[in-house]
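Let's take a walk through this model together. Have the sequence and the 3D view open side by side, and we'll go piece by piece.

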Amino acid sequence: MNYIEMIIETTSAGIEAITGALSVQGIEDLVVSDPQDIRAIMDNKDSYEWDYIDESVSDRMGDAARVTLYFADDEVDRRKVGVVRSTVKRIREAAAAGEYGAAVDFGTLKLTESVKSDTEWKDKWKEYFRPFRVSDRIVVRPSWEEYHPAAGEIVIEIDPGMAFGTGTHETTSLCIEMIDRYLKPGMKVLDAGCGSGILSIAAAMLGAGEVLAVDVDEDAVRTAQENIVRNRVGDIARAEYCDLTAGIGYRADLIAANLMAELIVMLAPDIERHLEDSGVFISSGILTEKKKMVMEGLNNAGFRITEIRDKGEWCCIVCSKGNV
């Protein structure tokens, strides 16, 4: 199926004029990209609680502001394309005539149109997802790539959906490495915040007796269950929609949580209640600069830290109950 992409290059001042004029015409489904917003975030990034800002974000600060619209390549939406063209033309003429004020700069107001196939964006990202090793024994591969495992290797097949977790990120690989290290055959495992389900699948393939993957995101639960079935571990693992803080009737020998540092601290008391007395809690998704905060939170929740492993700017903390 084809779609039409329209990009209007402008300035921060021009965005309001363009979006307002299009709204009057009933066109409100658009994407706004304003480098000034990015600059404001970067100038005040210490005020936000995000763990990191990708370098590519700051690279875009020099770009022109843009308004992007997408339309189906059919008769109905092609009329909307015509409306956008005429609207931009009117704004361009009004700006040149000084109707918005002599000092107002709307930039080039360049309008670019292109017809594209949805397969371009559906498949393009696949070029960057190849089989890769995440631990001594585990290799992750996407379904469209062939991989012939060596003796002793365990292969997990993951197709990224709307859920986080393909194993490429340090936090996920750290978790898998620690599951590989601490999991004993037959253990009951709880994957708290399962994302794609990759940790649950790894645990099942490494010998867990039972695995419960939970998440508060329904898309994540659906993706995790699909990946569990795809990897033929549905007799061991299952994914469920669940909020740990609301309580579930499940106690595990090993709990893994690949979450943000603040979430780990917040959930630590609930996780402690779901962990058997001799159990292991593996927590990741923690920036090294927040390591001390998480350690204090885990100690306060009754955990005893047994191992910390760093990878780049991230760390994984392994602990047990303090009375063990």
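Is helix α6 largely enclosed by the rest of the structure or left open, and how many of its 13 residues are buried? Before the answer, a word on the ground rules. This is a predicted model, in which local features need pLDDT of at least 70, side-chain atom pairs count only at pLDDT 80 or more, and totals for chains, interfaces and linings use all residues. Residues are numbered from 1 along each chain as its sequence is written, and side-chain values use heavy atoms, with hydrogens and water left out.

Now to α6. Eleven of its 13 residues are buried, so the helix is largely enclosed by the rest of the structure. Here buried means under 20% relative accessible area, exposed means over 50%, and partly exposed is in between (1.4 Å probe, protein chains only). Helices (H or I, at least four residues) and strands (E, at least two) are DSSP runs, numbered from the N terminus. The buried set includes Leu-174, Cys-175, Met-178 and Ile-179, but also Glu-177 and Asp-180. Among the elements covering these buried residues are α7 (198-205), β11 (252-258) and β12 (275-287). The helix spans residues 170-182 and reaches 18 Å from its first C-alpha to its last, close to the 18 Å expected; that expected span is 1.5 Å times one less than the number of residues.

Ile-179 of α6 also turns up in the largest nonpolar core, which has 41 residues. A nonpolar core is a set of buried Ala, Val, Leu, Ile, Met, Phe, Trp, Tyr and Cys residues joined through side-chain atoms within 4.5 Å. Ile-138, Ile-156, Ile-179, Leu-183, Leu-254 and Ile-282 touch the most other members of this core. Leaving aside neighbours within four places in sequence, Ile-282 is in contact (heavy atoms within 4.5 Å) with residues including Cys-175, Met-178, Ile-179 and Leu-254. Apart from this core lies another, of 26 residues, with Cys-242, Tyr-250, Leu-275 and Ile-286 among them.

Next, look at the open sheet of four strands, in the order β2-β3-β1-β4, with antiparallel pairing. Two strands pair if DSSP finds at least two bridges between them. β2 (31-33) and β4 (111-117) stand at the edges with a single partner strand each, so one side of each has no neighbour in the sheet. From one strand to the next, the twist averages 20°. Helix α1 (residues 12-24) lies across β1 (2-10), β2 and β3, running at about 30° to β3; axes are lines fitted to C-alpha atoms, for helices over the stretch in contact, and angles run from 0 to 180 degrees between N-to-C directions.

Three bridges join β2 to β3 (residues 65-72), and Val-31 stands opposite Thr-68. Val-31 is partly exposed, with a relative accessible area of 46%.

Most residues other than glycine have a negative phi. Leu-109, though, has a positive phi of about 55°; this residue is in the loop between α4 (75-96) and β4 and is buried, at 3% relative accessible area. Arg-232 has a positive phi near 60°, lies in the loop between α8 and β10 (237-241), and is exposed at 74%.
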